Amino acid sequence: MHPSILDTAGRTVFVPVRHHSPACAQLVRALAHERRPAAILIEGPSDFNERLGELDLPHTLPIAIYSYVRLDDDTRRGAFYPFCEYSPEWQALLVAREVGAHARFIDLPWSACAAFRTVSHRYADRELRESPYIPTLCRRLGVEDFDSLWDLLVEIDPALTPAQVLERVHQLCYHIRATSAQISQEDLRREAFMAAQIRSAQATAAGPILVVTGGFHSYALFAQLNEVAPAESDEARAEPEETLNMTPVEQGIALTPYADARLDSLTGYEAGMASPGFYQRAWADRAAGRADTHRALLAQAVAELRRRGQVASTADLIAVETSARALAALRGQPQVWRQDLIDAITGTLIKEALAPDTRHPLLDALLAVFRGARRGALAAGTALPPLVRDIHAQLAAHQLAPTSTSRTLRLELAAPADLARSRVLHRLRILGIRGFERREGTDWLGRADLTTIWEAWQIGWSPDFDASCIEAAIYGAALGEAATARLVEQAAALERSAERAALLLLDACLAGLGAQAAALFERLTALVRHDADFFSVAVALGHLLYLYRYEDTLGAVGRADIGVLLVETFERALWLLETLGQPQGRERELLRAFAAIVQTCEAGERLLGLDRAELAAVLRRAAGATAARPLVRGAATGALWTLGAAAVDQVRADLASCAAPEQLGDFLTGLFALARESAQRHPELVAAIDALVMGFDDEAYLQALPALRLAFSFFTPREKHYLARTLLAAEPAAAALPDLEVGPALAARALAAEARLLGALARYGIRGGPHGG
Amino acid sequence: MTHDDGLAPGRALAEMQRPAAEALYADELARLAVADADAPRPEGWRLTPRSVLTFVLGDAARGISAKFVGSRRLLERCVVALATSRGLMLIGEPGTAKSYLSELLAAAISGDSTLVIQGSAGTTEDAIKYSWNYALLLAEGPTEQALVPAPLYRGMRAGKVVRFEEITRCPLEIQDTLLSILSDRVMAVPERDDSGRMLFARVGFNVIATANTRDRGVNEMSAALKRRFNFETIPPIADIHLEMELVQRETERLLRRSGVPISLPPAILEVLVTTFHELRASKTADGKTLEPLSTAMSTAEAVSVGYAAGIHAYYYDQGSVAPAHLLQSLLGSAIKDAPEDRERLRHYFNHVVKERGGAAWRAFYEARTEL
């Protein structure tokens, strides 16, 4: 590392920061006050420069700058630059005003970056986290992970001077950069752009310049401007250029409110410094010269615990305090910090086994305090967030604007204009915008009547309308993008449920979303994989099959991403089919599940390459499992028969293995439910059943009878008549059964009688009418 | 290190089936103690808390071997619990190296890991506190000489860490023997006269207990006793690569000790550890949930399966370990006699193993007829 990067007396001072680091924010302030620069150049979207004044208004933090684009395939994407009070970039803006420096953002506009597809948090620190240097350094310093390493090196020690902080961050980032296997072309382009901005400022500014950027970029900028060798090797810069396969056709940038909770929830590529509640407090305490941050936060956590009905006694608190201080000492820290408190509570208060991915409620309360609960708000007079403007524009374009008297709107989804309106309404519903409610319409889940696809919405102005629009602005700049983000968030909040995943997908289809939501599909796939409940997976299978195969109106038919999810669900269903055990009282669901599996295989075999042989193997094992319920075995046999994977001899063999009086009816129920057609076409099966029943003595017959009745109720009267004829034909002594003659009048009378009967049942609340069990 | 068994130290160590940690790592402990010099530490400790961590987790630069695979944070919490004079309770599934960790901690802190009480349904107060040499008792009365100290008594007297293994297997009233000792740090010996009636614990005394979550569980402990312990859950090894390294190292060590000059080929090792890892976590590498087995499928069991497979291959199959050997010893040792586990294992084969590529996985699948 070239030593002069540490020189803070030169014309251009490079201030390396980690975004959302209070210590770096303090460093920026200290250097600005020391040097009184003419200009402060900040890593931020340069297309916001003309509107920097908007940031001076009295906003309530956290807020974010939103940059959004519309691409040539008409999708919209957005990225955000969030600011908390302790953000180095925010403090740089503030201190520029205090010392009379000219502040400017110098980063490439987001719309010129190639990363639309992946990263939408522009102040994430992926480069720092992913470096191979970090694990080595962690081991050397005896800390567990990057966040602890950063805290130990930079945040915790209040006695560190600005010069020390500057040197530590430069050293850390230099080594991260020097050990990087690859620097992305996008980073190089951004750095070239930033270097050009710095050069032009050097040409015009009449005094020192502070350059506040992510530490990862500081040395690269320094090297370019001073013509010294960069930290990384030449090979690391040799990555082929990423092509922008999508071109923005429209772009914009605006302020929007933000929230602690959202900042804290970022993970993976998007991850930045978590725990905004903790660092806000640490920042405020440092500024006030207080060193008892952990005690204040502990008090808050205890209040939170008590609010949740948990007890934390004085003795417990003494133990936590002692333990936290001992941990800080063991870790070589001058002050108790975030992880020490977490560990102290984990160690002293939790008296049971912690499962790897479940957290204890006490710990949850502490983490809630660390997460923070602030929600940002834009100052009066700020332009409304882009989402709010987009919502107004969409409502106006589709004549959906809420009026003070509420109205009902009926939409026929087959009409393109109505479909578009329905999609806007569903997006609003997903975002929880007040005043729009779907009252009734096509039942997508029961799918009993799909003759017309329609909806009725209740639309009316609600006093919460504007507030809910602004609140939703944290999800994105445009309605579609925000609704997608909200769905992804909902999916992330679920743990495992294929059924709920399918409902989310239905929501996405109703709102016309999802074609671009790779993250949503990834999450839905995970939900299906995690689900261990056969019935939930089977229900999801039914929904997905319907969407993929039949749902024309919403444009879901044949969508490749739904197909992939369908395959995943199908495979999961086969997987769980064998671990079914002995489900009691869920016979109907079970038979529906088998039917859904067979239908999916038949419909998807050619289109999706589903493996019929695999299904047959699973069903074969299920049919042969002597420990399984006869109903399951019968259904498996029936499914095999329908799929053409079992001959009638095999069916008779399976029948023979479930021939006991208490089993026969259940077996046949399963068989008939799945192979109703085949059963009628094979008189030898009827004869075999007949032989079995004739072999029962009176007691056995009475035992078998109720289940047998249920089994044969799967056939219509005409089918039963046909079966009876087949049976009698084989019996030479029996008289032939007369033809079943049913005239229209008789049929009408029968229907009317049945309707009266069901009506009576429903009226007295007995087994709930036509849909009852 | 007071192992007086009449043999020269080097030979004694070599002939011991399983030497205690403080004997096995005497050199490392000595070097750490020298390096610690006069650095401040909790009273009665041989090493500073930082050196205790280094001893357990290892430090390649200083020639200290890594002995335990686990999170540093967890270890820090364990050490702090002991340093702040709270009892330490290590809980977890069987085979997660709880006892080994307690041994390492005791060796590092007190230089003696042999003060062990083995908890069982038959553990009595005698085996915990003290009993009497009845001949001397009759001859001399309740004197110092007549008293036969049990581990707790010895630990208190010498200011050392006492290990209480499988504490939840003891009856509640026996567990509660620890109550007053942990809070007041004093043991009453009512039989003795005034000078010996109270045994006050010397500084450095503490208790590390272990409990198995598959046994009767910590929920049956009295709340009073729970309060006197800090609980730490020792999780199974989360990182499959670390687990592979550990299983490789340990099986090789066992095979070498049995004079079997073979090692598990990497492909076999991968099959073994992946299978254990996935069945234990009830989740496949690509995130599909499995039905949990009733067996813990611990790393220790993976080691013994790998070891048994190696022995089998060496003596009966010309020394080349095949996946079929793994399955045989898996069925013999880990799955034991649980038909439903066998069923779940079959399911795992039909849906997971079947889909895996690579010769070893395919051979493993072919071996399923053993099921």
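A few conventions come before the tour. Residues are numbered from 1 along each chain as its sequence is written, while chains are lettered from A and ligands numbered from 1 in the order in which they are written. Because the model is predicted, local features need pLDDT of at least 70 and side-chain atom pairs count only at pLDDT 80 or more, whereas totals for chains, interfaces and linings use all residues; side-chain values use heavy atoms, with hydrogens and water left out.

Let us start with chain A. Its C-alpha atoms fill a box of roughly 115 × 60 × 55 Å along the principal axes, and its secondary structure comes to 32 helices and ten strands. Helices (H or I, at least four residues) and strands (E, at least two) are DSSP runs, numbered from the N terminus. Of the 773 residues in chain A, 53% are buried; here buried means under 20% relative accessible area, exposed over 50%, and partly exposed in between, with a 1.4 Å probe and protein chains only. Contact means heavy atoms within 4.5 Å. Among contacts in chain A between residues at least 6 apart in sequence, 75% join residues at least 24 apart.

Two residues let you see the interior of chain A up close. Asp260(A) sits in helix α9 (residues 260-264) and is buried, with a relative accessible area of 0%. Its side chain makes a polar contact with the side chain of Arg374(A) at 2.9 Å. A polar contact is a pair of N or O atoms within 3.5 Å; within protein, one must be able to donate a hydrogen and the other to accept it, and residues adjacent in sequence count only if both atoms are side-chain atoms. Setting aside neighbours within four places in sequence, Asp260(A) also has contacts that include Pro62(A), Pro276(A) and Arg371(A). The second residue, Ala593(A), belongs to helix α23 (residues 587-608) and counts as buried at 3% relative accessibility. Not counting residues up to four places away in sequence, Ala593(A) touches Phe534(A) and Ala538(A).

Now turn to where the chains meet. In this interface, 35 residues of chain B are in contact with 37 residues of chain A. Together the chains bury about 3100 Å², 53% of it on carbon and sulfur atoms; buried area is the accessible area (1.4 Å probe) that two parts lose on being put together, summed over both. Across the interface there are 21 residue pairs in polar contact, both residues being at pLDDT 80 or more. On the chain B side, the elements giving two or more residues are α4 (49-57), α5 (72-83), α12 (223-227), β9 (229-233) and α17 (339-351). The largest share, six residues, comes from α5(B).

Side chains of opposite charge can pair when their charged atoms come close. A salt bridge is counted when a side-chain nitrogen of Lys or Arg lies within 4 Å of a carboxyl oxygen of Asp or Glu; four are found across the interface. In one of them, Arg77(B) pairs with Asp343(A), with the closest N and O atoms 2.6 Å apart. Both residues belong to a salt-bridge network that also links Arg331(A), Asp340(A), Arg72(B), Glu76(B) and Glu232(B). Elsewhere, Lys354(B) and Glu614(A) meet in a salt bridge at 2.8 Å, N to O. This pair runs from the loop between α17 and α18 of chain B to helix α24 (residues 612-624) of chain A. Lys354(B) is partly exposed at 34% relative accessibility, while Glu614(A) is buried at 13%.

Within chain A, Glu43(A) and Arg190(A) form a salt bridge at 3.1 Å, N to O. Glu43(A) lies in strand β2 (residues 39-45) and Arg190(A) in helix α7 (residues 185-204), so the pair ties together parts that are 147 residues apart in sequence. Both Glu43(A) and Arg190(A) are buried.

The whole structure holds 21 aromatic pairs over all chains. Rings of Phe, Tyr and Trp (its six-membered ring) pair if their centres lie within 6.5 Å; planes under 30 degrees apart count as stacked, over 60 as edge-to-face and the rest as tilted. The rings of Tyr219(A) and Phe222(A) have centres 5.5 Å apart and planes at 45°, so this pair is tilted. Both residues are part of an aromatic cluster with Phe14(A) and Tyr174(A).
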